Amino acid sequence: MAKALSVAVFDGDGIGPEITAPTLDVLRQLSNASSHYDLSFEVLPAGATHYARTGTALPDASLAAADKADAVLLSAMGMPNVRYPDGTEISPQIDLRMIFNLFAGVRPVRIGEGGLTPLKLPPGKTVDFVLIRESTEGLFHSRASGKAPGTVSDDEARETLLITRDVCEKLFAFAFKLAGDRKKTGRSPGKVTCVDKANVFRSFAFFRELFDAEAARHPDLEADHAYVDAVALWMVQKPWVYDVMVTENMFGDILSDLGAGLMGGLGMAPSADIGLDHAVFQPCHGSAPDIAGQGKANPFAMILSGAMMLDWLGLKHGVSAMTDDAERLRLAIDDLVATQRSLTPDLGGTATTHDAAQAVADNLFATA
Ligand code: ATP
């Protein structure tokens with residue numbers, strides 16, 4: 001019997017609804033064609049547009065539905081011109097990370113043969129690494145409660161960077177498990193790199209100490225350390241040396257956009273925020289208000305986030321047809337990119353959002 005799984009969907013703001021609708025179409029087609037799983041979707045209100053209309057950014061009913069669902073698929077939330085009274089942006093996606101304790105922000109970076117990248121890769125070199133960004137503490141700890149000028153003195157503002165044993169232990173266990181899984185499939189050598197600034201900050205020395213403790217439990221995997229500034233350089237000069245990288249929240253925020261740039265831009269970068277019980281899948285990009293409503297948005301990052309969701313659900317529930325379909329989705333997009341077909345303007349093409357998504361579906365079922 002097909003495994004029934006529910007997905008809570010936040011279609012969000014700006015280009016969010018435009019990229020969500022075709023992504024759900026593609027996922028529905030895969031689910032309908034499978035006798036092994038049966039996905040149902042519930043689209044829920046939340047975000048800046050909803051806040052502007054109702055005064056609530058994340059309604060309790062939406063949160064409760066997301067809590068009950070098997071997974072959450074989110075497009076992008078926030079609009080620069082819609083803000084809370086204190087001037088901060090509406091970002092329920094960050095609230096969800098905190099509420100569901102989604103400590104592991106998983107950002108894969110893949111550049112295959114013929115992939116779009118501003119790098120000149122040596123012949124035969126491909127890139128396939130995963131950046132894990134801690135997503136609940138670090139420099140985002142004091143997000144809405146940092147000390148504004150006037151609190152300590154009129155001439156200074158302060159934020160707090162928090163590193164805790166509890167979160168790091170879960171984070172590093174997750175990172176080594178992922179590296180082990182990747183090694184088992186033959187995809188990588190099984191290496192985890194701790195990215196920090198342990199030479200300057202005590203908090204990062206503690207981060208590294210906890211990393212080393214987890215590394216000692218995995219003699220079959222290689223553990224490595226690097227300072228974040230060096231990693232920014234090496235991600236450009238020799239990105240193929242990385243397998244799984246794990247880092248603090250703010251460093252991960254910055255490096256994941258660099259990773260997106262390496263593979264052709266934000267329109268190609270998927271992500272997942274994963275905890276012990278819940279997971280939210282969403283593209284790395286924001287709501288792109290500058291191109292909203294024009295049919296220009298690239299749906300690939302959202303569709304690839306849907307593929308990550310299929311992987312996670314498939315592994316969690318033991319449905320290999322879902323992980324197979326996730327790989328088919330990635331290959332369908334790889335093929336369009338390598339042959340430069342049906343690409344949106346951010347990738348140098350002229351396709352609309354709808355046409356690009358339709359081409360993914362066509363590719364998927366043409367090769368089935
Ligand atoms: P946030 O702070 O919410 O992450 P941001 O301010 O960093 O958002 P984005 O909304 O991600 O910015 O947009 C950055 C740039 O990338 C914009 O020029 C936008 O048009 C472009 N962009 C983002 N996502 C896409 C997409 N899916 N397709 C095409 N262009 C995109």
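Is aspartate 229 buried, partly exposed or exposed, and what is its relative accessibility? Aspartate 229 is partly exposed, at 44% relative accessibility; buried means under 20% relative accessible area, exposed over 50%, and partly exposed in between, with a 1.4 Å probe and protein chains only.

Before I continue, please note that this is a predicted model, in which local features need pLDDT of at least 70, side-chain atom pairs count only at pLDDT 80 or more, and totals for chains, interfaces and linings use all residues. Residues are numbered from 1 along each chain as its sequence is written, and side-chain values use heavy atoms, with hydrogens and water left out.

Aspartate 229 meets lysine 197 in a salt bridge, at 3.1 Å from N to O; the term denotes a side-chain nitrogen of Lys or Arg within 4 Å of a carboxyl oxygen of Asp or Glu. Lysine 197, for its part, is buried, at 17%.

The structure holds 21 salt bridges. One of them joins arginine 97 to aspartate 273, with the closest N and O atoms 2.9 Å apart. Both partners are buried: arginine 97 has a relative accessible area of 8%, and aspartate 273 one of 1%. Another pairs glutamate 156 with arginine 158 at 2.5 Å. Here glutamate 156 is partly exposed at 28%, as is arginine 158 at 46%.

A backbone N or O atom of glycine 286 lies 2.6 Å from a ligand oxygen, while for alanine 288 the corresponding distance is 2.8 Å. Asparagine 298 places a backbone N or O atom 2.9 Å from a ligand nitrogen.

How values were computed:
A polar contact is a pair of N or O atoms within 3.5 Å; within protein, one must be able to donate a hydrogen and the other to accept it, and residues adjacent in sequence count only if both atoms are side-chain atoms.
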